[in-house]
Amino acid sequence: MYKVKCKACPIGCELIITKNESSSTGYTVEGNNCNSGREFGIKEVTEPSRILTGRVILKDGVLNRLPVKTTGIVPRDKIDECMKIINSTEVTAPIKKGDIIIKNILGLGIDIVAARKA
């Protein structure tokens, strides 16, 4: 049994996900107020992943660090490795919001982009 807070919508239901071999998905989800919550709960247990945000080192800018984010969802088991790369990356100003800072990080097909101009 797993307990998680749903992030599929602003309600934030408390989900209880239980393994259930007789279910078509293999899991039963309780506590959700919508189908999105059910899908979120099953995915959270079977394929946990996150959108990452972080900061890269910025040279010749007003700030010392530039906020960045992923363009897609990163599998949970790759988060630490991605964050090490992000935190050690250096860029030089000027940078525009949306500029690709790291292309195809770890071969995941996900880019790291600037979250603001610098």
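How many helices and strands does the protein have? The protein has 2 helices and 10 strands. Helices are DSSP runs of H or I with at least four residues, strands are runs of E with at least two, and both are numbered from the N terminus. This is a predicted model, where local features need pLDDT of at least 70, side-chain atom pairs count only at pLDDT 80 or more, and totals for chains, interfaces and linings use all residues. Residues are numbered from 1 along each chain as its sequence is written, and side-chain values use heavy atoms, leaving out hydrogens and water.

**Overall build**

- Read from the N terminus, the elements run β-β-β-α-β-β-β-β-α-β-β-β.
- The radius of gyration is 18 Å, well over the 13 Å from the globule rule for 118 residues, so the protein is more spread out than a compact globule. The radius is taken over C-alpha atoms, and the rule is 2.2 Å times the number of residues to the power 0.38.
- The C-alpha trace spans about 60 × 30 × 20 Å along its principal axes.

**Surface and contacts**

- Buried residues make up 34% of the 118 residues. Buried means under 20% relative accessible area, exposed means over 50%, and partly exposed lies in between (1.4 Å probe, protein chains only).
- The accessible surface is about 7600 Å², and 49% of that belongs to carbon and sulfur atoms. Areas come from the Shrake-Rupley method with a 1.4 Å probe.
- Of the contacts (heavy atoms within 4.5 Å) with a separation of 6 or more, 43% join residues 24 or more positions apart.

**Salt bridges**

- Side chains of opposite charge can pair when their charged atoms come close.
- The count is 4 salt bridges. Each needs a side-chain nitrogen of Lys or Arg within 4 Å of a carboxyl oxygen of Asp or Glu.
- Glu-44 and Arg-76 meet in one of them, at 2.8 Å from N to O. The pair links distant parts of the chain: Glu-44 sits in helix α1 (residues 35-46), and Arg-76 in the loop between β7 (74-75) and α2 (79-88), 32 residues apart. Glu-44 is buried at 13% relative accessibility, while Arg-76 is partly exposed at 40%.
- Glu-90 and Lys-59 form another, at 2.9 Å from N to O. Glu-90 lies in strand β8 (residues 90-92) and Lys-59 in strand β5 (residues 53-59), so the pair ties together parts 31 residues apart in sequence.
- Lys-19 pairs with Glu-21, their closest N and O atoms being 3.9 Å apart. Lys-19 is exposed at 53%, and Glu-21 is exposed at 65%.
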